[in-house]
Amino acid sequence: MRYAFELNNVKKHYGKVKALDGVTLKAEEGKIFGMLGPNGAGKSTIVKVLSTLIEPTSGTAKVAGIDTVKNPTGVRNTIGLAGQFAAVDDFLTGKENIQMVGQLYGLKKKIAKARAEEILERLSLTDAANRQVKTYSGGMRRRLDLGASLVGKPKILFLDEPTTGLDPRTRKELWDIIRELAKGGTSILLTTQYLDEADELADKIAVIDYGKLIAEGTSAQLKKRLGGDMVEFELKNKNDFQAALEAVDRFCNENRQADEDELIIKIPVKNSADDLLTVTKMIDEAGIKPSNISLHKPTLDDVFLALTGKKTKPESEKKSKKRSKR
Ligand SMILES: Nc1ncnc2c1ncn2[C@@H]1O[C@H](COP(=O)(O)OP(=O)(O)O)[C@@H](O)[C@H]1O
Ligand SMILES: [Mg+2]
């Protein structure tokens with residue numbers, strides 16, 4: 001069987017930094033492969049290795065069966081790449097940007113122009129086609145950048161955090177476009193920091209941290225390891241913490257998370273509403289009045305903690321992380 005792309009024990013070291021520390025994975029053709037991990041996990045490094053921008057320190061990478069080091073040109077001819085930061089020229093119009101890429105691909109001017117129009121139409125950018133890119137919103141830039149990666153009609157598309165920093169509505173628009181591309185038969189590697197995005201789009205998800213693959217599976221399989229939704233209690237009083245833990249642990253202590261500094265306890269639940277009532281009652285019967293109770297979908301942090309027993313960020317960054325709640 002041929003894979004859209006595969007890595008075999010790929011390492012990429014920068015001095016002492018192990019950006020990739022032996023990653024092995026295979027992505028089926030015609031599917032969306034999600035690569036989920038926090039900042040610094042090694043996602044962009046994987047994208048760079050696969051798109052021949054860097055060579056691995058050791059191990060091999062193949063795209064459409066072609067070795068990225070032995071035949072980089074062969075690889076480049078099959079892929080499209082939209083990087084983490086939109087790489088479009090501010091002073092050109094949207095159409096000029098795509099047309100320029102087309103001409104770089106060796107298309108005749110007229111054909112490049114037609115191709116640009118077709119792509120802009122597909123990405124709902126026709127109205128803005130003749131405006132300078134500097135007037136575009138963040139979402140429009142990302143779409144244009146994605147458009148540029150489509151010029152060569154790639155069979156395989158690498159999208160590196162295509163929605164990071166976008167507002168929810170714009171993210172959803174991009175999701176629709178990505179889904180459409182996959183439906184049309186394009187194999188896609190999508191990196192993301194958001195569990196909900198991988199959940200929404202990816203047929204298969206690889207979770208990566210510190211340059212290592214820590215889990216792989218469908219979204220349902222990953223969530224099953226977590227148990228479902230999370231109930232979160234925030235306490236008012238530090239003195240209540242131990243008693244609250246004991247009450248909660250009578251309900252369930254598997255994958256329970258407790259943060260004594262922030263006075264937060266989280267537990268995974270299977271029957272969300274029923275379990276929320278049950279465990280809240282247990283807390284209440286222990287005479288504890290939480291300052292907040294919530295039920296939410298697992299975050300990337302929750303998945304990480306369950307998979308690794310570690311937070312995605314070192315303790316010292318916890319305060320700032322809490323402020324910028326993901
Ligand atoms: N050119 C480089 N030189 C030194 N360290 C690098 C370089 N590129 C990436 N790294 C380091 O490798 C790790 C993985 O980076 P990256 O792949 O960009 O992570 P991600 O895309 O998941 O945020 C990080 O610790 C980063 O600082
Ligand atoms: Mg990155």
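Residues are numbered from 1 along each chain as its sequence is written, and chains are lettered from A and ligands numbered from 1 in the order in which they are written. Because the model is predicted, local features need pLDDT of at least 70 and side-chain atom pairs count only at pLDDT 80 or more, whereas totals for chains, interfaces and linings use all residues.

The shell around ligand 1 includes Tyr14, Val17, Gly37, Lys43 and Thr45; a residue is near the ligand if its C-beta atom, placed from the backbone, lies within 6 Å of it. By class, the shell has four nonpolar residues, six polar and one charged, with Gly counted as polar. H1 gives the largest share, three residues. Helices (H or I, at least four residues) and strands (E, at least two) are DSSP runs, numbered from the N terminus.

Helix H10 has 14 residues and spans 20 Å from its first C-alpha to its last, close to the expected 20 Å at 1.5 Å a residue, the expected span being 1.5 Å times one less than the number of residues. Its two sides are listed below.

| Residues of H10 | State and cut-off (other C-beta atoms, placed from the backbone, within 10 Å) |
|---|---|
| Asp275, Val279, Ile283 | buried, 20 or more |

The buried Asp275, Val279 and Ile283 lie on the same side of H10 because they cover an arc of only 70 degrees around the axis, taken from the directions from the axis to the C-beta atoms. These buried residues pack against strands E11, E13 and E14 and helix H9 (contact: C-beta atoms, placed from the backbone, within 7 Å). Just after H10, glycine 287 takes a positive phi of about 80 degrees.

Key:
A residue is buried if 20 or more other C-beta atoms lie within 10 Å of its own, exposed if 12 or fewer, and partly exposed in between; C-beta atoms are placed from the backbone. Two residues are in contact if their C-beta atoms, placed from the backbone, lie within 7 Å.
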